[in-house]
Amino acid sequence: MAALDFESSDKDAETARIVTCALILVGGGLPTDTRTWLLNPGIPMEPEAIKVHGITDEHAAEHGQDAAAGVAEIAKSVAEAVSAGTPIVGHNVGGYDLNLLDRECRRHLGDSLEGVCRQPVTRVIDTMILDKQVAPFRRRVSETQGPYQMRTTAETYGLKWDEKQAHGAEYDALMSARAAWHMGNIAHLPRNERPIWVQKMRTQRFDSLAGVSIDDLHLMQQRWAHENAVSFQQWLRTKAPAVKRDPNAVVDGRWPLRPVPSQREGGEQS
């Protein structure tokens, strides 16, 4: 797998800029190959983003690589993995990371991510999509820890979580690859040999991952992402608390790459 993760200037893939990236080639009986980047995004970062990854504007400006050069290197490395047929894995990688990289490619390279890859990005393993599928209806851990964020997924599958290292691109990328492995491993165990917490679940769907090809898994995740979006949109419109309810809410379920919003087409990305 090619584990991919970014830390960025804000949480909106349409406007965010890459700050750090990790691409880790792992598994397959080969030595682990870790590649990391620190970029100067060239714009002020959102305070909440700095709080998450701990990289200040000043540090990025002093030590970061030129954004255009860094994006070109990252896109080339991802394209090499895609060309080799190596699955791209990450947590919410289809919901955020690949779209962030696509917008940065358009911004700095004048081409889409798939244009750089010269082929569709069709072998993606998104551990957030998979976790929601195989272990649905999980409750929030706390006010600050959601049911399917990276930490919760990692801890659910027995991975020790180091909060000091968390929210670094290299750490989060590697944890996503480990979580993906554990999900697949559970799916291929006999039901009576699966972890006790799985056996106790009222609803679990690990069998849906068993015996499927990576290409079929990609198509399945597209369907699951769409179904999740439809469900979330309905919740926002009708069942969400008053402060979150929006009768006109629209949740885009296209995965792993969303088209550029029409109002931005033909113009420079902000």
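Residues are numbered from 1 along each chain as its sequence is written, and side-chain values use heavy atoms, with hydrogens and water left out. Because the model is predicted, local features need pLDDT of at least 70 and side-chain atom pairs count only at pLDDT 80 or more, while totals for chains, interfaces and linings use all residues.

Helices here are DSSP runs (H or I, at least four residues), numbered from the N terminus. The axes of helix α6 (residues 127–134) and helix α10 (residues 214–238) come within 10 Å and cross at roughly 75°, where axes are lines fitted to C-alpha atoms over the stretch in contact and angles run from 0 to 180 degrees between N-to-C directions. On the α6 side the contact (heavy atoms within 4.5 Å) is made by Ile 129, Leu 130, Lys 132 and Gln 133, and on the α10 side by Leu 217, Gln 221, Trp 224, Ala 225 and Asn 228.

The second largest pocket has a volume of about 300 Å³, a volume being the space filled by probe spheres set on grid points that are joined across faces, edges and corners. A pocket is an open set of points on a 1 Å grid over the protein atoms alone, where a 1.4 Å probe fits, with protein on both sides within 12 Å along at least five of seven lines, and its lining residues have an atom within 4 Å of a point. Of the 14 lining residues, Ile 125, Ala 180, Gly 184, His 188 and Leu 217 are the closest to the centre of the second largest pocket. Helix α8 gives the most to this lining, with 4 residues.

Met 183 has its place in helix α8 and is buried, with a relative accessible area of 0% (buried means under 20%, exposed over 50%, partly exposed in between, with a 1.4 Å probe and protein chains only). Leaving aside residues up to four places away in sequence, Met 183 touches Thr 127, Leu 130, Asp 131, Thr 153, Tyr 157, Phe 206 and Leu 209.

Most residues other than glycine have a negative phi, and most peptide bonds are trans.

Phe 137 is found in the loop between α6 and α7, and His 167 in the loop between α7 and α8. In the segment after α10 lies Pro 256, and the peptide bond from Trp 255 to Pro 256 is cis, with omega near 0°.

Conventions. Helices (H or I, at least four residues) and strands (E, at least two) are DSSP runs, numbered from the N terminus.
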